[in-house]
Amino acid sequence: MKQIKKILIANRGEIALRIMRSCKEMGISTVAVFSEADRNAPFVRYADEAVCIGPPASTQSYLNGKRIIDVCKQLKVDAIHPGHGFLSENAHFAREVEKNGIIFIGPPAEVMEMMGDKLSAKATAKKYNVPMVPGTEGAINDIKEAKKVAKEIGFPVLIKASAGGGGKGMRVVENENDLEEEVKRASSEAKSAFGDGAVFIEKYVEKPRHVEIQILADKHGSVVYLFERECSVQRRHQKVVEEAPSTVLNSEIRKKMGECAVSLSKACGYVGAGTVEFLVESPSPTLPK
(Lines give C-alpha, C1' and ligand atoms only; values in the text may rest on other atoms or scores of the structure.)
Protein backbone atom coordinates (compact mmCIF):
# COMPACT_ATOMS: atom_id res chain seq x y z
CA MET A 1 0.00 0.00 0.00
CA LYS A 2 1.39 3.37 -0.98
CA GLN A 3 2.32 5.90 1.66
CA ILE A 4 -0.15 8.72 2.20
CA LYS A 5 1.56 12.11 2.09
CA LYS A 6 -1.32 14.34 1.00
CA ILE A 7 -5.05 14.07 1.78
CA LEU A 8 -7.95 16.00 0.28
CA ILE A 9 -10.83 16.51 2.71
CA ALA A 10 -14.09 16.39 0.74
CA ASN A 11 -16.11 18.17 3.39
CA ARG A 12 -16.46 21.51 5.12
CA GLY A 13 -16.64 23.31 8.46
CA GLU A 14 -15.77 21.74 11.79
CA ILE A 15 -15.65 18.24 10.29
CA ALA A 16 -12.96 19.21 7.80
CA LEU A 17 -11.03 21.15 10.42
CA ARG A 18 -10.85 18.21 12.82
CA ILE A 19 -9.56 15.90 10.08
CA MET A 20 -6.94 18.48 9.07
CA ARG A 21 -5.70 18.85 12.62
CA SER A 22 -5.20 15.09 12.88
CA CYS A 23 -3.38 15.07 9.53
CA LYS A 24 -1.09 17.86 10.71
CA GLU A 25 -0.16 15.87 13.83
CA MET A 26 0.71 12.94 11.54
CA GLY A 27 2.80 15.07 9.20
CA ILE A 28 0.36 14.71 6.29
CA SER A 29 -0.37 17.66 3.97
CA THR A 30 -4.01 18.67 3.52
CA VAL A 31 -6.11 20.04 0.68
CA ALA A 32 -9.43 21.80 1.30
CA VAL A 33 -12.16 22.06 -1.30
CA PHE A 34 -14.75 24.77 -0.74
CA SER A 35 -17.78 26.47 -2.22
CA GLU A 36 -17.86 30.19 -2.96
CA ALA A 37 -19.82 30.72 0.26
CA ASP A 38 -17.02 29.19 2.36
CA ARG A 39 -14.13 31.11 0.83
CA ASN A 40 -13.13 32.71 4.17
CA ALA A 41 -14.05 29.80 6.46
CA PRO A 42 -11.50 28.63 9.10
CA PHE A 43 -11.06 25.18 7.52
CA VAL A 44 -10.07 26.82 4.20
CA ARG A 45 -7.44 29.01 5.86
CA TYR A 46 -6.10 26.11 7.94
CA ALA A 47 -5.43 23.76 5.00
CA ASP A 48 -2.04 23.63 3.28
CA GLU A 49 -3.81 24.06 -0.08
CA ALA A 50 -7.37 25.09 -0.94
CA VAL A 51 -9.39 25.01 -4.15
CA CYS A 52 -12.81 26.53 -4.88
CA ILE A 53 -14.94 23.88 -6.58
CA GLY A 54 -18.21 25.69 -7.24
CA PRO A 55 -21.17 27.85 -6.19
CA PRO A 56 -22.74 27.77 -2.68
CA ALA A 57 -25.26 25.02 -3.53
CA SER A 58 -23.86 21.69 -2.30
CA THR A 59 -25.05 19.93 -5.46
CA GLN A 60 -22.69 22.15 -7.43
CA SER A 61 -19.75 21.95 -5.01
CA TYR A 62 -19.43 19.46 -2.15
CA LEU A 63 -21.50 16.85 -4.03
CA ASN A 64 -19.59 17.32 -7.28
CA GLY A 65 -17.51 14.15 -7.17
CA LYS A 66 -15.99 14.57 -10.63
CA ARG A 67 -14.67 18.03 -9.81
CA ILE A 68 -13.20 16.79 -6.52
CA ILE A 69 -11.40 13.93 -8.25
CA ASP A 70 -10.05 16.36 -10.86
CA VAL A 71 -8.57 18.48 -8.07
CA CYS A 72 -6.92 15.38 -6.62
CA LYS A 73 -5.26 14.65 -9.94
CA GLN A 74 -4.10 18.24 -10.41
CA LEU A 75 -2.55 18.44 -6.94
CA LYS A 76 -1.27 14.85 -6.85
CA VAL A 77 -3.33 13.89 -3.83
CA ASP A 78 -2.80 10.39 -2.39
CA ALA A 79 -6.12 9.95 -0.60
CA ILE A 80 -9.56 11.45 -0.04
CA HIS A 81 -11.21 11.68 3.37
CA PRO A 82 -14.95 12.32 2.91
CA GLY A 83 -15.75 13.09 6.56
CA HIS A 84 -19.45 12.37 7.07
CA GLY A 85 -22.46 13.49 5.09
CA PHE A 86 -22.08 14.73 1.50
CA LEU A 87 -20.20 12.02 -0.49
CA SER A 88 -19.16 9.87 2.46
CA GLU A 89 -21.85 7.24 1.71
CA ASN A 90 -21.80 7.54 -2.08
CA ALA A 91 -20.70 4.19 -3.50
CA HIS A 92 -20.30 5.53 -7.03
CA PHE A 93 -17.93 8.24 -5.79
CA ALA A 94 -15.87 5.77 -3.74
CA ARG A 95 -15.55 3.49 -6.76
CA GLU A 96 -14.48 6.37 -9.05
CA VAL A 97 -11.89 7.48 -6.49
CA GLU A 98 -10.33 4.01 -6.48
CA LYS A 99 -10.50 3.77 -10.29
CA ASN A 100 -8.39 6.92 -10.50
CA GLY A 101 -5.68 5.44 -8.30
CA ILE A 102 -6.62 7.47 -5.22
CA ILE A 103 -7.15 5.92 -1.79
CA PHE A 104 -10.67 6.33 -0.39
CA ILE A 105 -10.52 6.58 3.39
CA GLY A 106 -13.65 4.66 4.30
CA PRO A 107 -15.49 1.41 3.61
CA PRO A 108 -15.39 -0.21 0.13
CA ALA A 109 -17.99 0.83 -2.44
CA GLU A 110 -19.62 -2.60 -2.24
CA VAL A 111 -20.21 -2.17 1.48
CA MET A 112 -21.67 1.30 0.95
CA GLU A 113 -24.13 -0.13 -1.54
CA MET A 114 -25.13 -2.66 1.06
CA MET A 115 -25.16 -0.45 4.18
CA GLY A 116 -24.82 3.20 3.21
CA ASP A 117 -28.28 3.27 1.69
CA LYS A 118 -30.89 2.76 4.41
CA LEU A 119 -33.06 0.47 2.30
CA SER A 120 -30.14 -1.81 1.47
CA ALA A 121 -29.09 -1.70 5.12
CA LYS A 122 -32.57 -2.79 6.21
CA ALA A 123 -32.45 -5.71 3.79
CA THR A 124 -29.03 -6.78 5.10
CA ALA A 125 -30.10 -6.41 8.73
CA LYS A 126 -33.18 -8.51 8.07
CA LYS A 127 -31.04 -11.21 6.47
CA TYR A 128 -28.92 -11.46 9.63
CA ASN A 129 -31.89 -11.35 12.04
CA VAL A 130 -31.17 -7.88 13.42
CA PRO A 131 -34.40 -6.55 15.02
CA MET A 132 -35.94 -3.66 13.05
CA VAL A 133 -38.79 -1.17 13.20
CA PRO A 134 -41.64 -2.32 10.90
CA GLY A 135 -42.16 -0.47 7.62
CA THR A 136 -41.83 -0.66 3.84
CA GLU A 137 -39.12 -2.92 2.44
CA GLY A 138 -38.41 -0.67 -0.54
CA ALA A 139 -38.68 2.92 -1.72
CA ILE A 140 -42.15 4.43 -2.07
CA ASN A 141 -43.17 4.30 -5.73
CA ASP A 142 -46.92 3.99 -5.34
CA ILE A 143 -48.78 6.25 -2.92
CA LYS A 144 -51.69 3.78 -2.72
CA GLU A 145 -49.31 1.04 -1.59
CA ALA A 146 -47.71 3.49 0.86
CA LYS A 147 -51.11 4.25 2.40
CA LYS A 148 -51.83 0.53 2.67
CA VAL A 149 -48.54 -0.12 4.52
CA ALA A 150 -49.07 2.89 6.79
CA LYS A 151 -52.51 1.63 7.77
CA GLU A 152 -51.14 -1.85 8.47
CA ILE A 153 -48.36 -0.65 10.80
CA GLY A 154 -50.52 2.14 12.23
CA PHE A 155 -50.17 5.91 12.41
CA PRO A 156 -48.12 7.89 13.24
CA VAL A 157 -45.51 6.84 10.69
CA LEU A 158 -42.12 8.28 9.79
CA ILE A 159 -41.07 9.03 6.21
CA LYS A 160 -37.28 8.73 5.84
CA ALA A 161 -34.78 9.46 3.09
CA SER A 162 -32.93 6.36 1.94
CA ALA A 163 -29.69 8.28 1.37
CA GLY A 164 -27.84 10.59 3.78
CA GLY A 165 -28.90 11.56 7.28
CA GLY A 166 -28.88 14.52 9.62
CA GLY A 167 -32.68 14.63 9.83
CA LYS A 168 -33.08 15.72 6.20
CA GLY A 169 -35.87 14.10 4.22
CA MET A 170 -37.73 13.03 7.37
CA ARG A 171 -41.41 13.69 8.12
CA VAL A 172 -43.72 12.45 10.88
CA VAL A 173 -47.22 11.78 9.51
CA GLU A 174 -50.14 11.55 11.92
CA ASN A 175 -52.92 10.57 9.49
CA GLU A 176 -53.62 9.23 6.01
CA ASN A 177 -54.77 12.59 4.61
CA ASP A 178 -51.31 14.12 5.03
CA LEU A 179 -49.31 11.17 3.76
CA GLU A 180 -49.09 11.98 0.03
CA GLU A 181 -48.04 15.61 0.56
CA GLU A 182 -45.44 14.72 3.18
CA VAL A 183 -43.96 12.01 0.96
CA LYS A 184 -43.50 14.62 -1.78
CA ARG A 185 -41.87 17.07 0.63
CA ALA A 186 -39.52 14.49 2.11
CA SER A 187 -38.53 13.26 -1.35
CA SER A 188 -37.87 16.80 -2.58
CA GLU A 189 -35.72 17.60 0.47
CA ALA A 190 -33.78 14.35 0.09
CA LYS A 191 -33.18 15.05 -3.61
CA SER A 192 -31.86 18.52 -2.81
CA ALA A 193 -29.63 17.39 0.06
CA PHE A 194 -28.31 14.05 -1.22
CA GLY A 195 -29.07 13.91 -4.93
CA ASP A 196 -31.39 10.95 -4.27
CA GLY A 197 -35.11 11.40 -3.67
CA ALA A 198 -35.89 7.83 -2.57
CA VAL A 199 -37.89 7.66 0.68
CA PHE A 200 -39.52 4.87 2.67
CA ILE A 201 -41.92 4.46 5.59
CA GLU A 202 -41.32 3.18 9.11
CA LYS A 203 -43.54 3.01 12.15
CA TYR A 204 -42.91 6.18 14.18
CA VAL A 205 -41.66 5.12 17.59
CA GLU A 206 -42.68 7.80 20.07
CA LYS A 207 -40.17 8.77 22.76
CA PRO A 208 -37.62 6.01 22.17
CA ARG A 209 -34.01 6.12 23.27
CA HIS A 210 -31.58 6.63 20.39
CA VAL A 211 -28.45 4.63 21.23
CA GLU A 212 -25.49 4.24 18.89
CA ILE A 213 -22.81 1.57 19.02
CA GLN A 214 -19.41 2.64 17.69
CA ILE A 215 -17.43 0.02 15.77
CA LEU A 216 -13.93 -0.12 14.32
CA ALA A 217 -13.05 -2.63 11.60
CA ASP A 218 -9.80 -3.37 9.78
CA LYS A 219 -9.16 -4.97 6.38
CA HIS A 220 -8.31 -8.33 7.99
CA GLY A 221 -11.82 -9.02 9.27
CA SER A 222 -11.29 -7.86 12.84
CA VAL A 223 -14.13 -5.80 14.32
CA VAL A 224 -14.52 -4.37 17.82
CA TYR A 225 -17.26 -2.27 19.39
CA LEU A 226 -16.38 0.71 21.55
CA PHE A 227 -19.57 0.74 23.59
CA GLU A 228 -22.39 3.23 23.19
CA ARG A 229 -23.45 6.84 22.89
CA GLU A 230 -26.86 8.03 24.05
CA CYS A 231 -28.19 10.45 21.41
CA SER A 232 -31.79 10.86 22.54
CA VAL A 233 -31.69 14.65 22.96
CA GLN A 234 -32.62 15.78 19.44
CA ARG A 235 -34.15 18.71 17.61
CA ARG A 236 -35.81 18.10 14.25
CA HIS A 237 -34.37 14.57 14.22
CA GLN A 238 -30.87 16.01 14.55
CA LYS A 239 -28.75 15.02 17.55
CA VAL A 240 -28.04 17.92 19.90
CA VAL A 241 -26.34 16.17 22.84
CA GLU A 242 -24.45 12.87 22.95
CA GLU A 243 -23.52 11.27 26.25
CA ALA A 244 -21.90 8.04 27.40
CA PRO A 245 -22.63 5.65 28.91
CA SER A 246 -26.35 5.38 28.29
CA THR A 247 -28.40 5.42 31.48
CA VAL A 248 -30.98 2.91 30.18
CA LEU A 249 -28.63 0.03 29.35
CA ASN A 250 -27.51 -2.65 31.73
CA SER A 251 -24.41 -4.77 31.13
CA GLU A 252 -26.39 -7.60 29.51
CA ILE A 253 -28.22 -5.39 26.99
CA ARG A 254 -25.05 -3.42 26.27
CA LYS A 255 -23.20 -6.66 25.45
CA LYS A 256 -26.02 -7.93 23.20
CA MET A 257 -26.18 -4.66 21.29
CA GLY A 258 -22.40 -4.58 20.87
CA GLU A 259 -22.30 -8.16 19.59
CA CYS A 260 -25.18 -7.40 17.23
CA ALA A 261 -23.27 -4.42 15.82
CA VAL A 262 -20.11 -6.49 15.35
CA SER A 263 -22.03 -9.32 13.69
CA LEU A 264 -23.67 -6.94 11.22
CA SER A 265 -20.33 -5.26 10.45
CA LYS A 266 -18.59 -8.57 9.78
CA ALA A 267 -21.47 -9.79 7.65
CA CYS A 268 -21.11 -6.91 5.21
CA GLY A 269 -17.29 -6.69 5.28
CA TYR A 270 -17.20 -3.20 6.78
CA VAL A 271 -13.87 -1.36 7.00
CA GLY A 272 -13.05 1.72 9.07
CA ALA A 273 -14.96 3.55 11.78
CA GLY A 274 -18.73 3.18 11.75
CA THR A 275 -21.90 3.41 13.78
CA VAL A 276 -24.80 1.01 14.20
CA GLU A 277 -27.84 2.91 15.44
CA PHE A 278 -30.53 1.40 17.67
CA LEU A 279 -33.92 2.55 18.89
CA VAL A 280 -34.26 1.30 22.44
CA GLU A 281 -37.47 1.11 24.40
CA SER A 282 -37.33 2.82 27.77
CA PRO A 283 -37.11 2.22 30.68
CA SER A 284 -36.69 -1.54 30.30
CA PRO A 285 -35.04 -2.37 26.97
CA THR A 286 -35.07 -5.92 25.69
CA LEU A 287 -33.54 -7.56 22.65
CA PRO A 288 -34.38 -10.96 21.16
CA LYS A 289 -31.95 -13.74 21.98
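**Entry 1**

I started at Lys76, which I found in the loop between helix 3 and strand 4. This is a predicted model, so I keep in mind that local features here need pLDDT of at least 70. The phi of Lys76 is near 55 degrees, a positive value in a residue other than glycine. Is Lys76 buried or exposed? At 70% relative accessibility I count Lys76 as exposed, because the cut-off for that is over 50%.

I then looked for other positive phi values. Phe227 has one of about 65 degrees, although Phe227 is not a glycine. Phe227 is placed in strand 10, residues 223-235. Its relative accessible area is 47%, so I noted Phe227 as partly exposed. Asn129, which follows helix 6, also has a positive phi, near 60 degrees.

In what order do the five strands of the open sheet run? I read the order as 3-2-1-4-5, with parallel pairing. The edges are strand 3 (49-54) and strand 5 (103-104), each of which pairs on one side only. Ser35 sits opposite Gly54 of strand 3.

Then I looked at what lies on the strands. Helix 1 (residues 13-25) lies across strand 1 (6-9), strand 2 and strand 4 (79-81). The direction of helix 1 makes about 170 degrees with strand 1. Helix 3 (residues 65-75) lies across strands 1, 2, 3 and 4, and runs at about 150 degrees to strand 3.

**Entry 1: cores**

I went into the largest nonpolar core, which has 22 residues. Which of its residues touch the most other members? I listed Leu8, Ile68, Val71, Ile80, Phe93 and Val97. Strand 2, strand 3, helix 3, helix 4 (91-99) and helix 5 (109-116) each give two or more residues to this core.

Another core, of 21 residues, lies apart from the largest one; among its members are Val130, Ile215, Ile253 and Cys260.

**Entry 2: helix 3 against helix 4**

I looked up how these two helices pack. Their angle is about 25 degrees and their axes are 10 Å apart. Angles under 35 degrees count as roughly parallel, so helix 3 and helix 4 are roughly parallel to each other. Their crossing is right-handed. Gly65, Ile68 and Ile69 make the contact from helix 3, and Phe93, Glu96 and Val97 make it from helix 4.

Strand 6 (residues 157-161) pairs with strand 8 in the antiparallel sense over five bridges. I noted that the bridge partner of Ile159 in strand 8 is Ile201.

**Entry 3: cis peptides**

I found a cis peptide bond between Phe155 and Pro156, with omega about 0 degrees. Pro156 is in the loop between helix 7 (143-153) and strand 6. A cis bond also joins Ala244 and Pro245, again with omega about 0 degrees. Pro245 is in the loop between strand 11 (238-243) and helix 9.

**Entry 4: Tyr270**

Last stop was Tyr270, in the loop between helix 9 (251-268) and strand 12 (272-280). Tyr270 counts as buried because its relative accessibility is 19%. Tyr270 and Gly106 are 164 residues apart in sequence, yet 9.0 Å apart in space, C-alpha to C-alpha. Leaving aside neighbours within four places in sequence, I logged contacts of Tyr270 with Pro107, Val111, Ile215, Ala217, Asp218 and Ser265.

How values were computed. Residues are numbered from 1 along each chain as its sequence is written. This is a predicted model: local features need pLDDT of at least 70, side-chain atom pairs count only at pLDDT 80 or more; totals for chains, interfaces and linings use all residues. Side-chain values use heavy atoms; hydrogens and water are left out. Two strands pair if DSSP finds at least two bridges between them. Helices (H or I, at least four residues) and strands (E, at least two) are DSSP runs, numbered from the N terminus. Contact means heavy atoms within 4.5 Å. Axes are lines fitted to C-alpha atoms, for helices over the stretch in contact, and angles run from 0 to 180 degrees between N-to-C directions. A nonpolar core is a set of buried Ala, Val, Leu, Ile, Met, Phe, Trp, Tyr and Cys residues joined through side-chain atoms within 4.5 Å. Buried means under 20% relative accessible area, exposed over 50%, partly exposed in between (1.4 Å probe, protein chains only). Angles under 35 degrees count as roughly parallel, over 145 as roughly antiparallel, 65 to 115 as roughly perpendicular and the rest as oblique. A crossing is left-handed if the near helix is turned anticlockwise from the far one by less than a right angle, and right-handed if clockwise.
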